[in-house]
Amino acid sequence: MALTASTMLSLGTQAPDFHLPDVVSGQTISLSTFAQKKALLVMFICRHCPFVKHVKKELAQLGKDYINKGLGIVAISSNDAKNYPDDAPELLKAMAIELDFNFPFCYDESQETAKAYTAACTPDFFLFDAKQQLVYRGQLDESRPSNGKPVTGADLRAAIDAVLADKPVAGEQKPSIGCNIKWKPGNEPNYFAT
C-alpha cells in the first residue's frame, strides 16, 4: 500500500465522459445519466482499501442524505482485479448491496476513466456543478483510520451544500489521502509516483 494523495485536478475542468457497467444492475452509466442533476459526485473507491473501509458507511449515508436534493453520485473502482481479487466486480456488487448504496457502483476495467479524472487514490472525490465543471476535489474530512478523528464527511458535505445552494465552494481544498489505485502492470499513468 502506497500512501497517495489526490492529484488536485484543476478547478473548472469539464467532467470527462465515461461509459461503465454498474456492478449491481449491469446498466451502462455515463455522464448523461446525471444530465438533470444540479451537481455530480464522482468517487473512486474500492473494497479492500483500509481508507475506504474507514469511511464506507459515510459514503452510503451521503447517498441517502442527498438522494432528493439534486445530487447525482457514482462510485467507480478502477483497481486491477486480477492482482487484487477483493476488488473484482462480483465482490464490489456484494459491497454495494451490503452498504445499501442507492447510487451506481461501476467497474473501470480498462482504468481509462481513472486516468481521465487523474484519480490517484482510494477514496478520491470529484464534485462537479450543473455544467459538470469541477468545483471540488479533495478529502471527505479530516478522519483517517489511525488518527481517532470522527468520520463526518464535513469537507465534502460543505462543498456539496454550497453547490446545491448556488454558492461558491471554498477555495481551500485539502487533498484526499488513501491507498494508491492498483494499476495494471505497465498501465500506470504518468502522474503515478511509485
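Tutor: We begin with the elements: helices (H or I, at least four residues) and strands (E, at least two) are DSSP runs, numbered from the N terminus. This is a predicted model, in which local features need pLDDT of at least 70, side-chain atom pairs count only at pLDDT 80 or more, and totals for chains, interfaces and linings use all residues. Residues are numbered from 1 along each chain as its sequence is written, and side-chain values use heavy atoms, with hydrogens and water left out.

Student: How many salt bridges does a search of the whole structure find?

Tutor: Side chains of opposite charge can pair when their charged atoms come close. A salt bridge here is a side-chain nitrogen of Lys or Arg within 4 Å of a carboxyl oxygen of Asp or Glu. The search of the whole structure gives 7 of them. One of them joins E112 and K115, with the closest N and O atoms 3.9 Å apart. Both residues, E112 and K115, belong to helix 3 and are 3 residues apart, about one turn of the helix.

Student: Are E112 and K115 buried, exposed or partly exposed?

Tutor: Buried means under 20% relative accessible area, exposed over 50%, and partly exposed in between (1.4 Å probe, protein chains only). E112 has a relative accessible area of 45%, so E112 is partly exposed. K115, at 23%, also counts as partly exposed.

Student: Which residue forms a salt bridge with R157?

Tutor: The partner of R157 is E58, and their closest N and O atoms are 2.7 Å apart. R157 is in helix 4 (residues 154-164) and E58 in helix 1 (residues 50-66), so this pair ties together parts 99 residues apart in sequence. R157 is buried at 16% relative accessibility, and E58 is buried at 11%.

Student: What about E142 and K174?

Tutor: E142 and K174 also form a salt bridge, the closest N and O atoms being 2.6 Å apart. E142 lies in the loop between strand 9 and helix 4, while K174 lies in the loop between helix 4 and strand 10 (177-180), so the pair ties together parts that are 32 residues apart in sequence. Shared partners also join E58, D65 and R157 into one salt-bridge network.

Student: How many aromatic pairs does the count come to?

Tutor: A pair of aromatic rings is described by the distance of the centres and the angle of the planes. Rings of Phe, Tyr and Trp (its six-membered ring) pair if their centres lie within 6.5 Å; planes under 30 degrees apart count as stacked, over 60 as edge-to-face and the rest as tilted. The count comes to 8 aromatic pairs. The ring centres of F44 and Y117 are 5.7 Å apart and their planes are at 55 degrees, so this pair is tilted. F44 is in strand 4 (residues 39-44) and Y117 in the loop between helix 3 (112-116) and strand 7 (121-122), 73 residues apart. F44 is buried at 0% relative accessible area, and Y117 is buried at 0%. F18, F44, Y117, F126 and F128 form one aromatic cluster.

Student: What is the order of the strands in the open sheet?

Tutor: Strands of a sheet pair through backbone hydrogen bonds, either parallel or antiparallel. Two strands pair here if DSSP finds at least two bridges between them. The open sheet has 5 strands in the order 6-5-4-8-9, with mixed pairing. Its edge strands, strand 6 (105-107) and strand 9 (134-138), each pair on one side only. Strand 4 and strand 5 (residues 71-77) run parallel and are joined by 6 bridges. L41 has I73 in strand 5 as its bridge partner.
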